[in-house]
Amino acid sequence: MQTIENYNFAGKKVFIRVDFNVPLDENFKITDDTRIRAVMPTLKKIIGDGGSVIIGSHLGRPKGVTDKFSLKHILGHVSELLGIDVQFANDCIGEDAKIKASALQPGEALLLENLRFYAEEEGKPRGLAEDATGEEKSAAKKAVKESQKKFTETLASYADVYVNDAFGTAHRAHASTALIAAYFDVEHKMFGFLMEKEVKAVEKILHDINRPFTAIMGGSKVSSKIEIIENLLGKVDYLIITGGMTYTFTKAQGGKIGNSICEDDKLELALELIQKAKDKGVHLVLAVDAKIADSFSNDANTGYADVDKIPDGWEGLDIGPKTEAIYAEVIKNSKTILWNGPTGVFEFDNFTHGSRSVGEAIVEASKDGAFSLVGGGDSVACVNKFGLADGVSYVSTGGGALLEAIEGKILPGIEAIRGY
């Protein structure tokens, strides 16, 4: 497999798929440019070699062309970070894009308009009536799939080389993330620096484990994490279940959780996971106390309670000090650590302490030689909010992609270049 480090891009036009799906405020100002900064080493390598780049990305989940999700809003910032005036094509497969891509000179860059303005990028039909028949849905899907080939061919025609540096979309078999790779031979398609780092980090977590291995799984719903939890039960020594999932596990074991979030239809599943952990010799670590509130608000009245004795009218919004100490003890004695999901409603300043304590314990373990991988939107937001990102081994830019990789699934964006 070709590597970006060893490839000389001089005189080459490169289509690079990036993940510039960054948050914008009401004035279209970027509020977190982490994903843009993350691909700068790849873009600068290509341009530094004397190549030119055609940048493809999506932004948001548009159902057609809309100014709200136009990539023109981030053009100035991309130009600033890259150190050159990046050109912009107002349609990713229109005449403007074709002409500008064809005229691109070494050292220049072109940003295409949002790829998802076209249904062909995702390969999913749009605009179907709610009462559409199965036959109509099937016909629409077939039509999009047929036009997707032409869409992909057009994108591929712009360049001599394909580089995928969008780990955040690697779990999608979309035109620009997977299908396009078939138009380039093995010597002319490769991962960018970011993708290489992401893939190596995931492989280390899954296949190069120093023990004890601890995974910290947060989030509100057991149902959304069931596959990753089951896969981890075959790999980890300690599994910390935290966040909103805490209360489903607590209620399943007969505890009183007040008004805390709970999936009542997953109580039996929680008990099954507890038993599976025992059967596999995994230490399942659950909260013993909680910081509780009398309403879901940063300004609510607060207190502490045993996690299984939360009064009616109160709800758990973070872990308590006893649990913080238990988690920290496990984490600090670990040599491989995966963190996905905060311990509570960290968006509220009064309920950040548990997540911060977990992050600080991970940093301490990392200083002692542990490999720590933090991934999933909220966990990344946590370490950035608390200024801890530099203290962990790796912060992943992938949310869904990271979770699917850890679940053991094959990611189309990786398979298209590397194969399995």
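**A walk through the model**

Strand 14 (315–319) and helix 13 each supply at least two residues to the lining of the second largest pocket. Helices (H or I, at least four residues) and strands (E, at least two) are DSSP runs, numbered from the N terminus. A pocket, on a 1 Å grid over the protein atoms alone, is an open set of points where a 1.4 Å probe fits, with protein on both sides within 12 Å along at least five of seven lines; lining residues have an atom within 4 Å of a point.

This is a predicted model: local features need pLDDT of at least 70, side-chain atom pairs count only at pLDDT 80 or more, and totals for chains, interfaces and linings use all residues. Residues are numbered from 1 along each chain as its sequence is written, and side-chain values use heavy atoms, leaving out hydrogens and water.

Stay with the second largest pocket. It holds about 510 Å³ of space. A volume is the space filled by probe spheres set on the grid points, which are joined across faces, edges and corners. The lining has 28 residues, and Gly-219, Ser-220, Gly-244, Pro-342 and Asp-378 lie nearest the centre. Strand 14 gives the largest share, 4 residues. By class, the lining has 8 nonpolar, 15 polar and 5 charged residues. Here Ala, Val, Leu, Ile, Met, Phe, Trp, Tyr, Cys and Pro count as nonpolar, Asp, Glu, Lys and Arg as charged, and the others, Gly among them, as polar.

Now find the largest pocket. Its volume is about 1,100 Å³. It is lined by 42 residues, and Asp-19, Asn-21, Arg-35, His-58 and Gly-168 are the closest to its centre. Helix 1, helix 7, helix 13 (377–385) and strand 17 (394–395) each give two or more residues to this lining. Which element gives the most to the lining of the largest pocket? Helix 13 does, with 5 residues. The lining divides into 13 nonpolar, 16 polar and 13 charged residues.

Next come two helices. Two packed helices are described by the angle between their axes and the distance between the axes. Helix 9 (residues 245–252) and helix 10 (residues 267–279) pack at about 85 degrees, with axes 8 Å apart. Helix 9 is therefore roughly perpendicular to helix 10 (an angle of 65 to 115 degrees). Thr-248, Phe-249, Lys-251 and Ala-252 of helix 9 make the contact, together with residues of helix 10 that include Leu-267 and Ile-274. Contact means heavy atoms within 4.5 Å. The contact residues are 7 nonpolar, 1 polar and 1 charged.

Finally, visit the loops. Cys-92 is in the loop between strand 3 (87–89) and helix 4 (95–103). Is Cys-92 buried or exposed? Cys-92 is buried, with a relative accessible area of 1%. Buried means under 20% relative accessible area, exposed over 50%, and partly exposed in between (1.4 Å probe, protein chains only). Cys-92 and Asn-114 are 22 residues apart along the chain, and their C-alpha atoms are separated by 6.9 Å. His-174, in the loop between strand 5 (161–164) and strand 6 (189–191), is also buried, at 5%.

Most residues other than glycine have a negative phi, and most peptide bonds are trans. Phe-28 has a positive phi of about 65 degrees. Phe-28 is partly exposed, at 28%. The peptide bond from Arg-211 to Pro-212 is cis, with omega near 5 degrees.

Definitions and conventions. Axes fitted to C-alpha atoms, helices over the stretch in contact; angles between N-to-C directions. Parallel < 35°, antiparallel > 145°, perpendicular 65-115°, else oblique.
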